[in-house]
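Notebook open, model loaded. I'm jotting down what I look up as I go.

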Amino acid sequence: MAKRGGFPGGMPGNMTNLMKQAQKMQRQMEEAQKNLEEQEVTAAAGGGAVEVTVSGKHEVKKVKLSEEVVDPDDIEMLEDLIMAATNEAMRKIDEASQQSMAQITGGLGGGLPF
């Protein structure tokens, strides 16, 4: 009688290859994540009046404001522009992350082909 859950004589060839592929994919994903964390993207709002740079770790690295956008009588507009540029930069870094992972997984949605 065979042991439950085991393979007599070790893992079949296909299972061994699948495990090697999974380990390779995991290493590639870790490297891609590290590279992504080192990336920075910049997004602008208000025709370039506000620029925000975000890292792959979703950290705001830099905010650049044009002098003409700094109006003490219209702080709300400046706040909205900063928020819009920040949100766009975050969207860009998320998109870069998804593209990077899709290249590794071959469009599997991050899962393994079981």
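How many bridges join E1 to E2, and do the strands run parallel or antiparallel? I find 6 bridges joining E1 to E2, and the two run antiparallel. Before going on, I note that this is a predicted model, where local features need pLDDT of at least 70, side-chain atom pairs count only at pLDDT 80 or more, and totals for chains, interfaces and linings use all residues. Residues are numbered from 1 along each chain as its sequence is written, and side-chain values use heavy atoms, with hydrogens and water left out.

**Entry: the sheet**

My element names come from DSSP runs, numbered from the N terminus: helices are H or I with at least four residues, strands are E with at least two. I count two strands as paired if DSSP finds at least two bridges between them. By that rule, 3 strands form an open sheet in the order E1-E2-E3, with antiparallel pairing. E1 and strand E3 (60–65) are the edge strands, each pairing on one side only. On average, neighbouring strands of this sheet are turned by 15° against each other, direction ignored.

I then looked up single partners. Valine 41 has valine 54 in E2 as its bridge partner. E2 and E3 pair over 5 bridges, also in the antiparallel sense, and valine 52 has valine 63 in E3 as its bridge partner.

**Entry: two positive phi values**

The hairpin of E1 and E2 has 4 residues between the strands, and glycine 46 there takes a positive phi near 65°. Histidine 58 sits in the loop between E2 and E3. Its phi is near 65° too, a positive value in a residue other than glycine. I flagged that one because most residues other than glycine have a negative phi.

**Entry: what covers the sheet**

I call a residue buried under 20% relative accessible area, exposed over 50%, and partly exposed in between (1.4 Å probe, protein chains only). Which residues make up the covered face of E1? They are Val41, Ala43 and Ala45, while Glu40, Thr42 and Ala44 form the uncovered face. H2 lies across E1, E2 and E3, at about 145° to E1. For that angle, axes are lines fitted to C-alpha atoms, for helices over the stretch in contact, and angles run from 0 to 180 degrees between N-to-C directions.

**Entry: the core**

A nonpolar core here is a set of buried Ala, Val, Leu, Ile, Met, Phe, Trp, Tyr and Cys residues joined through side-chain atoms within 4.5 Å. The largest one has 15 residues, and Val50, Val52 and Leu81 are among those that touch the most other members. Strand E1 (40–45), strand E2 (50–55) and helix H2 (75–105) each give two or more residues. H2 brings the largest share, 6 residues.

Contact means heavy atoms within 4.5 Å. Leaving aside neighbours within four places in sequence, valine 50 is in contact with residues including Ala43, Leu65, Val69 and Leu81.

I also checked serine 55, which lies in strand E2. Serine 55 counts as buried because its relative accessible area is 4%.

**Entry: the other helix**

The buried residues of H1 are Met25, Ala32 and Leu36, and they pack against H2. Glutamine 28 lies in H1 (residues 13–38) and is partly exposed, because its relative accessible area is 34%. Glutamine 28 and methionine 101 are 73 residues apart in sequence, yet 9.0 Å apart in space, C-alpha to C-alpha.
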